[in-house]
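The sequence and the model come next.

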Amino acid sequence: MSAAAPCGVSLSILGQPWRWRGLANDDSGVLAGDRGFRPDSLVDQLLMARGCAREALDSHRAPTIRAFMPDPSIFRDMDKAADRLAQAVEHQEPVTIFGDYDVDGATSAALLVRLLRDLGLAAGTYIPDRLLEGYGPSADALVRLAEAGASLVVTVDCGAMAYEALQAAKDAGLDVVVVDHHKCATSLPVAHALVNPNRLDEGEGAAHGHLAAVGVAFLLGAALIRTLRARGWFANRPEPKLLDLLDIVALGTVADVAQLKGLNRAFVAQGLKVMAGRRNIGLAALIEAARLTRNPTCTDLGFALGPRINAGGRVGRADLGVRLLTTQDAGEARAIAAELNILNEERRAIEQAVREEAEALLAAQGNRAVAVISGHGWHPGVIGIVASRIKERAGKPAIVVALDGGVGKGSGRSISGVDLGAAVLAAKDSGLLVAGGGHAMACGITIDADKLDAFADFLDDRLAKDVAVASDSRALLLDAVVGPGGVTPALVEAMEAGGPYGAGWPGPRVAAGRVRVVKADIVGNGHVRTIVSGDDGKPIKAMAFGSADTALGQALLGAGSTRKLWLAGRARIDDWASRPAAELHLDDAAWAD
């Protein structure tokens, strides 16, 4: 591969250099449209550019659970948790699954409810109200469950920092098993078992710290089935098919933006196959409500299905997601999916209003390493999404805080290379937060309003160097360069074979050129649509979403038909065309003359 920048772009229209992600097919890095390409070698190129070792190519081309599944017993407390659940199954104990109100929490809870149901135990669920109860288990909630007769509570996607609540549960005689993936402090809350690959005392299991909570719940399910099998539980009854639940594992993994490496890639690749069979009637109803006529893709999980599940916890009833994923009634499934669809539209409107106010305050952040933006009256259910938008706009971590009187609830999103969750835990230990936790890429906080400035200063001091390094290394990474005629459905299909793509396993990006703009206009909510053509006369449709007021959008709209451009983005199939066609979803562009 040539050491030169792809297409000679050292500074693009958006002010960033272009760099190779990995090896291209020849020294120039060009996959010429008229020469064709070899899909097998292209897939290998994509896999290796994302960190796959050459000797692991076979297992990564078609990731399977068998190839990536660890022995669940490597995780601390896993066998203890499985044993306690097995006792509950054998003795038909009253069990409650206590989940978080987001997609990861809903899918984790649904997985255990469905598995226990298949084992003959009808478990209850408890999903706290985001506005009235906040995140995670409270002492009041756990004590109430104990008083109502529960002997075992399993918390999923929460509980790792619930010291007071779990102590109250123990005092009430309630056993609690914690299944979580958020960062832990040095001291752990009292629990019958605490399964979390991000425990600081975790050994071999720490290699799986990228799992979402639903992935940890799946491993607990495998351990539970193995425990019951050893006790002869299945001598006269069928063994549940845990793999049939991979559709909801895939949904929770992608929606929680977990890194798609190792076992997570297998979860999503195999889960999408299960989802295509529409075995979960709740998911099938949700797919229909989202108007997906084809089999869902990884992108659909993150942008179509996940947000609808989330809408229940953000602006509606927190338990809707779990109810949808566990119902056995098709009519109920359709009704819940329709309600979630309506709530998602409401969420979008609320999010847009908060985002506009937050973006207006962004300039006042100056050179802070982490944007900490707050406002009164903001809906706590959308601040995480808004933080993600602010992060993208500012190119640095962002925390958005909804103030209510003298207290604020905040949600943060980080950039690659900056551990926001660890910084939040340190801020809590320093007395700056009422509560806080998270993982490297996301966090949640509760803070007194008068400590916001001190908290922002703390993050500035702790993370400024990491943010600077991450920002300095910012470049647009390309996998291949094609001639205009090379943007074809065949190219898209070949590149998709290197998936599933998502966080930690980025989708392939190609550059196409050189091209002239034939037509450019603004459509929808500030999207720039353009038709370009190369010297070969073959047109390409390209979309630059939400870019009308950016340098990229303005360049496309004003390029005219004489100046030449290199375009960089993701090749996608245009589903709206009368026959399959490929288009580019643009991330950047650069002048070619």
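A charge sits over a ring if NZ of Lys or CZ of Arg is within 6 Å of the ring centre and within 35 degrees of the ring normal. The charged end of Arg 563 meets this over the ring of Trp 591, at 3.8 Å from its centre. The model is predicted: local features need pLDDT of at least 70, side-chain atom pairs count only at pLDDT 80 or more, and totals for chains, interfaces and linings use all residues. Residues are numbered from 1 along each chain as its sequence is written, and side-chain values use heavy atoms, with hydrogens and water left out.

**Rings and charges**

- Arg 265 also has its charged end over a ring, that of Trp 505, 4.2 Å from the centre.
- The whole structure holds 2 aromatic pairs; rings of Phe, Tyr and Trp (its six-membered ring) pair if their centres lie within 6.5 Å, and planes under 30 degrees apart count as stacked, over 60 as edge-to-face and the rest as tilted.
- Phe 98 and Tyr 126 are stacked, with 5.0 Å from centre to centre and 15° between the planes.
- Phe 98 belongs to strand E3 (residues 95-99) and Tyr 126 to strand E4 (residues 124-126), so this pair ties together parts 28 residues apart in sequence; helices (H or I, at least four residues) and strands (E, at least two) are DSSP runs numbered from the N terminus.
- Both Phe 98 and Tyr 126 are buried, where buried means under 20% relative accessible area, exposed over 50% and partly exposed in between (1.4 Å probe, protein chains only).
- The ring centres of Phe 218 and Phe 267 are 5.2 Å apart and their planes stand at 70°, so this pair is edge-to-face.
- Phe 218 in helix H8 (residues 213-230) and Phe 267 in helix H10 (residues 263-276) are 49 residues apart.
- Phe 218 is buried at 2% relative accessibility, and Phe 267 is buried at 0%.

**The mixed sheet and its helices**

- An open sheet of 5 strands runs in the order E8-E9-E10-E12-E11, with mixed pairing; two strands pair if DSSP finds at least two bridges between them.
- E8 and strand E11 (435-439) are the edge strands, each with a single partner, so one side of each has no neighbour in the sheet.
- E11 and E12 pair antiparallel over 5 bridges, and Gly 436 has Ile 445 in E12 as its bridge partner.
- Helix H15 (residues 383-394) packs on the sheet and touches E8, E9 and strand E10 (407-413); contact means heavy atoms within 4.5 Å.
- H17 also packs on the sheet, touching E8, E9 and E12.
- Helix H17 (residues 452-472) has a kink of about 60° centred on Leu 463; the bend at a residue is the angle between axes fitted to the seven residues ending there and the seven starting there.
- Buried residues of H17 include Phe 455, Phe 458 and Leu 463.

**The hairpin and its neighbour**

- Strand E16 (residues 527-533) and strand E17 (residues 539-544) run antiparallel, joined by 6 bridges.
- They form a hairpin with 5 residues between them, and Gly 537 in the turn has a positive phi of about 80°.
- E17 is joined in parallel to strand E19 (residues 581-591) by 3 bridges.
- Met 543 in E17 stands opposite Arg 529, and Met 543 also stands opposite His 585 in E19.

**A loop residue**

- Ser 187 lies in the loop between strand E6 (175-179) and strand E7 (193-195) and is partly exposed at 48% relative accessible area.

Key:
Axes fitted to C-alpha atoms, helices over the stretch in contact; angles between N-to-C directions.
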